[in-house]
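Here is a quick tour of a two-chain model. Have the sequence and the 3D view open as you read.

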Number of protein chains: 2
Amino acid sequence: MRESYREQLDEILSDLVAMSERIATAVRRATRALLQVDRTEAEWVISSDEQIDQMRADIDARAFSLLALQAPVAGELRLLVATLRMVTEMERMGDLAAHVAKIARMRYPEPAVPEDLRGNFARMAEVAEAMVLGVGRALQEKDIDDAEAVQQRDDEMDDLRRSQFRLMLGDDWPHGVEAAVDVALLGRYYERIADHADAIARRLVYIVTGQLPEEDAVTSS
Amino acid sequence: MRESYREQLDEILSDLVAMSERIATAVRRATRALLQVDRTEAEWVISSDEQIDQMRADIDARAFSLLALQAPVAGELRLLVATLRMVTEMERMGDLAAHVAKIARMRYPEPAVPEDLRGNFARMAEVAEAMVLGVGRALQEKDIDDAEAVQQRDDEMDDLRRSQFRLMLGDDWPHGVEAAVDVALLGRYYERIADHADAIARRLVYIVTGQLPEEDAVTSS
């Protein structure tokens, strides 16, 4: 009985890993929609967000019944509760990728991101995608080093966001108000994807060590 | 034993209600900081966000030990799991109120919101605060009608956000790029506070009825 309980827990974890890969794909394709002004990619991300929601509902239901079926021991309980929260954060990352795609679609066939900010967004997207994939690896291996590597990349994201603001709020922003509003929101979406990855990484450290890292924040920042 | 378990659950719920009131206060004072250009209010919201985080940590720990101490029956389990999630959403609302206050502080002594958008933001803040208080009432009474009333107000928020965009992206926006960026982000923060209240209201309906409402979304939208 315990044996099969553990197996079910492991299955839930590998589904979480699969979900993180699915989200990394959504982030990558949303970015392609944005920077290569590709409407088909935008539509794909938007319409397939439902599948991510479905993955969430499925993992949720199974974690919940494991909780209900059998009183889990302490470590398992911690893992199940963390799972119920991580899956919510992951779904949210999917929503944010869809938000990026929606802005790309709204401006199509014009690019939403001005030429001189494409490099900045390409790097933001790269960091976000790497963080999401890092979360998947850390989940798979239950590896603290992977989880900590994810957390470290969050600073890069903050730097990239600051450069955006410097560009937009400088005296020589030539792209007008609409582009500035798009850039501000798009930057916020990528930043939030990174925040969620960071929060999941923090939970993972907690699961593995039983200790919350110094900063006790959850979906915070 | 069961009796005291139930009592502990009820205590956790009334702490959640207290937390929602605390957040409504943060939203109100952050709005005062923003619209009355009041730096003291901004500092208060920013520095006291820690207390909200502390409330979260405390409720979290108690809900977790109730889960661990005694195998809860189905309805209690649902309530405990929902609590662990609602408290995360509430903490996040507190963060968002602090984000509003930070923009107010950053622009001080200038107002971050141009005169012609103050009415719009005042209404946004009113809706957000009412939704947060409505969540508290619904939690206290475990009342579906209260929860549904919260959900209905979310549409108002969407309308207010749309008016902001119309103003900013019209041909005659005279306030420049910086104000547009501030308005876009501030509008997003209020909208997200409303989204979280909406998500909590939806969870409450689930707790009371055992059924998720048609839209199965969580922190979604």
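In chain A, A:Arg39, A:Ala42, A:Glu43, A:Val45 and A:Ile46 of H2(A) touch A:Ala97, A:Ala98, A:Ala101, A:Lys102 and A:Arg105 of H4(A). Contact here means heavy atoms within 4.5 Å. The residues of this contact split into 6 nonpolar, no polar and 4 charged. For these classes, Ala, Val, Leu, Ile, Met, Phe, Trp, Tyr, Cys and Pro count as nonpolar, Asp, Glu, Lys and Arg as charged, and the others, Gly among them, as polar.

H2 covers residues 39–47 of chain A and H4 residues 74–107, and the two pack at an angle of about 145 degrees with axes 8 Å apart. Axes are lines fitted to C-alpha atoms over the stretch in contact, and angles run from 0 to 180 degrees between N-to-C directions. The crossing of H2(A) past H4(A) is left-handed, that is, the near helix is turned anticlockwise from the far one by less than a right angle. Helices are DSSP runs (H or I, at least four residues), numbered from the N terminus.

## What the model is

This is a predicted model, where local features need pLDDT of at least 70 and side-chain atom pairs count only at pLDDT 80 or more, while totals for chains, interfaces and linings use all residues. Residues are numbered from 1 along each chain as its sequence is written, chains are lettered from A and ligands numbered from 1 in the order in which they are written, and side-chain values use heavy atoms, with hydrogens and water left out.

## Two copies

Turn chain B by 180 degrees, shift it 0.0 Å along the axis, and it lies on chain A with an RMSD of 0.0 Å. The superposition is by least squares on the C-alpha atoms of residues with pLDDT of at least 70 in both copies. The two copies are therefore related as by a two-fold rotation axis. Both use the same surface: 100% of the contact residues of chain B recur in chain A.

## Loops worth a look

The peptide bond from A:Tyr108 to A:Pro109 is cis, with omega near 5 degrees, and A:Pro109 sits in the loop between H4 and H5 (118–141) of chain A. In chain B, a cis peptide bond joins B:Tyr108 and B:Pro109, with omega about 5 degrees.

Further along, A:Lys142 has a positive phi of about 45 degrees despite not being a glycine. A:Lys142 belongs to the loop between H5 and H6 (144–169) of chain A.
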